Every structure is written in structure tokens, then in C-alpha cells.
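Thank you for making time this morning. I would like to walk you through one structure, going from the chain to its cavities and then to a helix pair.

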Amino acid sequence: MFKIVRTEELVPTSVFLHEIEAPRVARKAQPGQFLILKATETGERIPLTMADTNPETGTVTVIFMVVGKSTAIFSALKAGETYTDLIGPLGRPTDIEKVGHVVCVGGGTGIAVLHPLARGMKKAGNRVTTILGARSENFLIFREQMVALSDALIAMSDDGSTGRKGFVTDALKEVIATDKPDLVVAVGPVPMMRAVSELTRPEKIHTLVSLNPVMVDGTGMCGCCRVTVGDEIKFACVDGPEFDGHKIDFHGLTQRLNAYKAAEAEAMTAHRCRMEAQAKQLEQQA
Amino acid sequence: MQATQNTPKDRHPMPEQPADVRRHNFLEVPLGYTEELAKAEASRCLQCKIPKCVEGCPVAVPIPQFIRAITQGQLAEGIRIIWAKNGLPAVCGRVCPQENQCEGQCILGKKGKPVAIGNLERFLADWERAHGDGSLPGKQPPTGKRVAVVGSGPSGLTVAGDLILKGHAVTLFEAFHKPGGVLSYGIPEFRLPKDIVRAEVSILEKLGVELVCNTVIGRAVDVHELLREEGYDAVFVGVGAGLPRFLNIPGENLIGVYSANEYLTRANLMKAYDPLYDTPLVPGQNVMVVGGGNVAMDSARTALRMGAKSVKIVYRRSREEMPARAEEVHHAEQEGVEFLLLANPLRLDGDSDGRLTSVTCERMTLGEPDASGRRRPVPLPGADFTMDCDLAIIAVGSGANPLLTSSEPAIKLNRRGNIDADPETGKTYMRGVWAGGDIVTGAATVILAMGAGRKAADSMHEYLMRGW
């Protein structure tokens with residue numbers, strides 16, 4: 001059992017932070033690595049890239065958006081409650097070296113994953129420009145932490161409620177024109193990572209993206225998370241989760257991410273009905 | 001003398017669930033002997049002075065002795081005779097290829113049917129679980145030595161059981177959230193109920209083995225850290241053959257194409273067949289399973305039970321060359337699995353959402369024998385055919401998973417990526433580290449992994465008491 005020591009609702013009913021006791025993982029984890037969480041005996045194994053780790057307190061931090069039944073169950077857990085299973089650290093750590101000017105692009109909950117990478121890049125002596133994107137102001141998470149570790153930060157939002165109105169690629173285009181990066185790291189929704197990679201490809205700027213495909217074991221045993229990179233089939237769990245954005249078959253990746261969409265929607269509806277019925281029952285009892 | 005008066009040919013078959021019933025459920029197929037049936041079968045044993053059956057057993061179970069105990073009604077004594085050599089009799093009685101081992105050597109088999117040794121072993125183990133007094137084997141006094149066993153499959157369970165009885169402290173590490181390795185994720189419920197695996201593991205825990213799940217050695221902790229920082233005196237690596245092979249044909253990334261490892265893990269360990277569990281699985285109507293081994297049979301029979309309309313095994317050689325046990329092929333056939341022999345998939349096609357819709361295969365014929373001694377399959381030109389397929393399960397074997405070994409270069413590997421270990425002792429090139437099971441041999445059987453575990457445990461005990 002893995003105890004949750006702190007929870008935070010970063011975006012009401014949507015984006016949650018959990019800090020969880022896992023001393024072995026906290027001691028060993030490096031930026032870019034992920035873990036697998038399971039909340040109940042009957043639950044799914046959900047891979048999440050770590051947003052932070054603290055070897056002193058023996059805790060790891062993950063951030064997730066409620067997108068289906070499993071994440072809905074996660075979001076209902078309170079501090080002091082437990083996950084039945086936590087496996088990690090998994091995947092290869094990010095290659096962090098001093099290359100010069102690094103542009104870190106984060107979208108949605110990907111900003112949380114970007115956080116330790118950007119921090120590592122800064123620590124290694126790079127100049128870090130950060131570009132963050134979100135639907136609207138309240139979805140722009142981790143802004144203060146990212147401001148603190150970046151040399152410059154540009155915020156973008158779809159509706160203009162924070163920063164500038166527009167996409168992260170609009171900002172990236174300008175940065176490329178005025179202050180060409182040596183490396184771009186992009187973490188966020190697949191369409192965002194794809195757009196960033198397409199933008200940097202003609203400029204020949206090395207671009208890393210962090211993938212979050214469907215997984216089971218996370219140790220290379222099942223091949224569920226396979227993705228085409230260049231001419232090769234790679235397993236994101238052991239060969240990734242980070243890959244060269246210019247080599248990824250984003251189309252295939254998107255299709256495989258939708259493998260269980262119908263089943264998930266069905267499970268989510270059933271779960272919601274059950275929760276509402278339960279809430280009603282509790283109300284009546286009260 | 002009653003024993004020899006029976007017609008030796010009359011082997012007592014084990015009652016089974018009828019094929020048309022069981023293909024719709026996940027309950028165990030063979031139902032087990034009653035005590036009467038077990039005694040009748042046991043009385044067929046000739047009690048050979050030089051028992052060939054024992055020579056055929058990789059862990060040398062004293063077979064005539066436990067069979068005699070059954071004929072005498074000494075069932076508690078019988079299970080103890082097995083336990084002296086085999087800590088997992090309920091598992092082995094079900095999944096060992098007895099026809100190639102003990103039963104293959106039985107003298108009765110020369111003229112008729114061999115004694116049903118596997119069925120009798122299973123009977124005693126099941127009797128013990130239902131009626132035994134729960135007494136455990138005696139342990140040697142503590143030695144003060146600590147052993148880490150990496151992987152809780154057949155070899156790891158054997159090492160843990162042997163060494164805890166010899167007085168060492170044992171920690172058993174498992175990467176998954178449940179112990180058992182292939183016994184839990186690979187072999188289906190209808191062939192090996194998971195309650196049995198749980199019961200066998202819980203005996204080890206009662207003996208004092210510390211079970212640590214959710215821990216990937218090579219990521220969370222490295223082998224040298226177990227030895228140098230965590231204070232273990234010896235490490236056994238039994239991580240299995242966990243690297244799925246694919247066909248490397250177009251369309252293999254389509255939704256609905258699974259490795260057998262993934263399909264079976266979702267179905268068995270993650271219980272996709274149980275509506276209480278949240279595990280999704282593509283519900284195949286027209287299923288193709290590629291391969292001819294036991295894993296292919298398990299996958300095909302699981303797909304039937306998940307509700308498939310049609311399940312076809314596609315195998316590029318003929319029935320004779322199929323590596324699966326005859327019993328598994330027979331069971332699959334009875335349940336309605338079709339066999340498309342001498343066929344080989346060339347291409348998988350899907351719809352605009354990337355979902356598998358059809359497969360195109362070539363027809364094969366058998367040519368000259370290849371390195372394995374089996375006749376090589378050769379394509380027949382102009383005979384390709386296409387069929388509907390919305391679920392394809394690739395069961396063409398597993399390679400060696402490099403996750404642990406790549407993190408520990410001192411453990412040397414052979415060309416195929418398997419650990420180079422002494423076949424007699426299981427010693428690797430890294431001092432204090434042993435290995436056994438599929439990570440050494442490549443994908444093999446439960447009992448061979450247990451045999452390797454037994455040898456390694458003996459060698460580790462020797463080392464812990466006397467030195468490398």
C-alpha cells in the first residue's frame with residue numbers, strides 16, 4: 001500500500017496533484033521517468049510521468065487529468081488514503097547535458113512532466129526558455145515553479161485569459177526566428193507535440209517529446225506501448241518514454257491511444273451513474 | 001498383489017467439463033480424481049525396483065513411493081513424499097508435460113497407457129489443500145544469511161522454498177502487483193486456477209519468505225545494490241523470458257493486434273473476463289492466433305471464452321511439428337478452435353481508425369529439415385488468401401528481456417541475450433549471483449525452471465555455508 005500524503009485540486013474537478021510515499025522510487029527516480037499506479041484490486045494500471053520526487057521525504061508527485069474511470073477513482077482519493085500498487089521508476093531518464101539554449105514547451109498536464117526536465121536542463125547550465133500553453137487561465141498549472149527555473153517564460157492560452165491568445169507553436173515560431181534554440185523539449189497532448197516537431201523539423205532543431213501510450217507491465221514484457229520511431233518498432237516503456245520528435249509516427253501513436261476509447265467511455269458513464277446513486281443514497285440517509 | 005491383476009491398459013481418465021459448456025466459462029477443464037479413482041489408478045503402478053519415471057522427472061520426485069501411499073490411503077504421507085522434492089505439486093500436476101517426462105518413461109506405456117502420474121500428483125496436492133492439517137515442513141535453524149530472489153515464477157518460488165527451509169532469510173521480489181510470474185499472468189485460469197498459485201505462495205510466506213511485489217530490479221534497485229547496500233549475501237535471478245516476438249509484417253501496430261504476453265496478461269492477471277475488473281480487451285469476433293505452442297493454445301482458448309465467433313490457429317508448419325502438448329491441442333480442438341496449418345501471415349489490414357479488419361496469408365509446404373530437425377516451411381507461390389480478422393494474437397515465442405541484465409554488465413549474456421549460467425549450478429559470471437529458468441534457457445517449461453531453481457538453491461546453500 002502506498003499512502004497519499006498530500007493532494008491538491010489544481011483545476012477544479014479536472015486536474016489533481018498527489019504526493020505519495022514511495023521511498024525506494026523517490027531515492028532512485030530521475031527526470032523523465034514514470035511510474036505505474038493502481039488504486040484498487042480491480043483497477044487498471046495507469047502510467048504517469050513523475051512531476052517531482054523528494055528523496056528526503058521519500059515521496060513522489062504525480063499530476064493527472066480526469067479522463068476516464070481510473071483517473072476518476074484516483075481523483076476521489078484523499079490524503080491519508082492509499083494506492084494498492086505503485087511501480088517505478090520506469091523508463092529511461094532524460095539525457096540531460098549542457099547544449100546551450102533549451103526551449104521547453106509544455107501543454108496541459110504535460111507542464112507537470114516538463115517541470116523536472118526543465119529543472120534538470122537549467123541545473124546542467126543551459127539557458128532555458130519556457131513556453132506554456134493551456135485552454136484558459138485556470139488550466140495553466142505549475143506556472144510559478146516554471147517561472148522560477150526559467151530564464152524567460154511565455155504563456156499562451158486558447159482564449160487569451162492568461163498570457164497571449166494563441167498556440168505554443170506561435171510563440172515557438174518567434175523564438176526560433178529571434179533566438180534559435182539548440183534543443184526543444186515538448187511535453188503535452190499528442191497534437192501539440194506533433195505540431196512542435198513539424199515546426200522544428202525544417203529548422204533541424206533536435207526535438208525531444210515524452211510519450212504516454214497505453215501500457216500494461218511497463219517493463220517491456222507485453223509490447224502494448226509499441227510505437228514506430230524511424231524504421232523501428234520501439235517500446236515506450238523501456239526504450240522511452242522520450243523519443244526524437246522528428247522520427248515518431250504520430251498518426252499511429254494517436255490511433256493506438258484510441259484503442260479503448262469506446263470501452264472507456266462506457267466504463268466512465270457506468271461509474272458516474274454508480275457514484276451519483278451512491279451520493280443520492282447518502283443524502284437520503286442524512 | 002491386487003495391483004498387477006488389473007489390466008494395465010485401463011488408465012482412468014480424469015472427468016472433464018464438457019467441451020460445449022467449458023468453452024463459455026473460465027472454470028478449470030479437468031475436474032480432478034475422486035479418492036476412489038485415484039486409488040484405482042494408483043493400483044496400476046507396478047512399483048518398479050528401478051523406477052524409470054523418476055529418471056524422467058527434472059526434480060526427481062519419488063514417484064512410486066507417493067503412489068504407494070495413495071493405494072494405502074496414506075494421503076497426508078503421500079503429499080509429504082512429493083514435497084521433499086517438489087514445492088509446487090498442485091501446479092506441476094496440472095501443467096507439466098508428463099508425456100515427455102515421468103509418464104513418457106513409465107514401463108506400462110510400452111504396451112498400453114502409462115500410469116497417470118500427473119493426475120495422481122494433482123490429486124494429492126488438491127486433497128492437502130482441502131483436507132490437510134496445514135502443517136508445514138520443518139525448517140533448519142537460522143543461518144543469519146540473507147538471500148534475494150528476483151522474480152516469483154516457477155524458478156524463483158523453488159529457490160525461495162528450498163532456501164527458507166535451509167534456514168536462510170529470503171526476500172522474493174516481483175515486478176507485477178501479484179506473485180507467480182507466468183503462473184499468474186500467462187497460464188489461464190481454466191488450466192491453472194489462480195487460487196492454487198495463491199495457496200502455494202502463501203505456504204512460502206507462512207514459512208517466512210518476505211514477498212515484495214511492485215519492485216522492478218534493474219530500475220528500482222540494481223543487483224549490485226542488493227548485494228552491497230541492502231545486505232543480501234546472494235541473489236537469484238529468475239526473471240523469465242519476457243520479451244515478446246512479433247512477426248515484423250505490415251500492419252502489426254493496428255488496434256486488435258496483441259502479443260500473447262499482452263493478451264494473456266490482460267485476461268489472466270488483470271482478469272479482463274471478470275466484469276468487476278476495469279481491464280479493457282478488444283472483443284474479437286474473428287480471431288487469429290499465430291503460433292503452434294502451448295501459449296498459442298492458451299490464447300486461442302481464452303479468446304473463445306471471451307466470446308469469439310471463430311478462432312483460428314495459424315501455424316506455418318504441419319500438425320506434427322507443433323510444439324504444443326498433445327493434450328492442449330486436443331482440448332483446443334474439442335472446444336472448437338480451428339487449425340489453419342501450413343499458413344503464414346503476410347500482411348494485416350485495418351480501417352481508417354487503425355482497427356484490424358483482415359489478414360492475408362501465404363500457403364506453405366514442407367521442404368528439407370532445418371537446424372531444429374523439423375522440415376522447413378517453404379511458401380507456395382500464387383496461393384495467398386485473405387480472411388476477416390478483428391483480433392490477432394502473436395504467439396511465436398519470447399526472447400530475453402534485457403531490463404535487468406542491461407543494468408548489470410557483470411552478469412554475462414550469450415549471443416541470444418540469455419544469461420550465461422553454469423548448467424549444473426546456475427552460477428553466473430557475477431560473484432554471489434545465480435540465475436535459472438527462461439532467462440537462462442529461453443522459453444521452456446515450468447518444471448525445467450523449477451529444476452534449475454533446485455540446482456541453484458543447492459549451489460547457493462553451499463556458497464552461503466562455505467564460500468564461492
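Chain A holds 9 helices and 17 strands, where helices (H or I, at least four residues) and strands (E, at least two) are DSSP runs numbered from the N terminus. What you see is a predicted model, in which local features need pLDDT of at least 70 and side-chain atom pairs count only at pLDDT 80 or more, while totals for chains, interfaces and linings use all residues. Residues are numbered from 1 along each chain as its sequence is written, chains are lettered from A and ligands numbered from 1 in the order in which they are written, and side-chain values use heavy atoms, with hydrogens and water left out.

The C-alpha trace of chain A spans about 65 × 45 × 40 Å along its principal axes. Chain A has 286 residues and a radius of gyration of 19 Å, which agrees with the value near 19 Å for a compact globule of that length; the radius is taken over C-alpha atoms, and the globule rule is 2.2 Å times the number of residues to the power 0.38.

Two peptide bonds in chain A deserve a look. The bond from Gly88(A) to Pro89(A) is cis, with omega near -10°, and Pro89(A) lies in strand β8, residues 85-90. The bond from Gly240(A) to Pro241(A) is also cis, with omega near 15°, but Pro241(A) sits in the loop between α7 (236-239) and β17 (242-244).

Now to the cavities. A search of the whole structure finds 5 cavities of 30 Å³ or more. On a 1 Å grid over the protein atoms alone, a cavity is a set of points where a 1.4 Å probe fits but cannot get out, and lining residues have an atom within 4 Å of a point; grid points are joined across faces, edges and corners, and a volume is the space filled by probe spheres set on the points.

The largest cavity has a volume of about 190 Å³. Which residues lie nearest its centre? Among its 22 lining residues, they are Cys224(A), Arg256(A), Ala259(A), Asn253(B) and Ile255(B). Two or more residues each come from β15 (226-229) and α8 (250-257) of chain A and from β6 (257-259) of chain B, and α8(A) gives the largest share, 4 residues. By class, this lining has 14 nonpolar, 4 polar and 4 charged residues, where Ala, Val, Leu, Ile, Met, Phe, Trp, Tyr, Cys and Pro count as nonpolar, Asp, Glu, Lys and Arg as charged, and the others, Gly among them, as polar.

The second largest cavity has a volume of about 140 Å³. Of its 16 lining residues, Cys45(B), Cys48(B), Cys53(B), Cys106(B) and Ile107(B) are the closest to its centre, and α5(B) gives the most to the lining, with 3 residues. Its lining has 13 nonpolar, 2 polar and 1 charged residues.

Let me finish with the helix pair in chain B. The axes of α10 (residues 154-165) and α19 (residues 446-466) of chain B come within 7 Å and cross at roughly 35°; axes are lines fitted to C-alpha atoms, for helices over the stretch in contact, and angles run from 0 to 180 degrees between N-to-C directions. The contact of α10(B) with α19(B) has 8 nonpolar, 4 polar and 2 charged residues, contact meaning heavy atoms within 4.5 Å.

How values were computed:
On a 1 Å grid over the protein atoms alone, a cavity is a set of points where a 1.4 Å probe fits but cannot get out, and a pocket is an open set with protein on both sides within 12 Å along at least five of seven lines; lining residues have an atom within 4 Å of a point.
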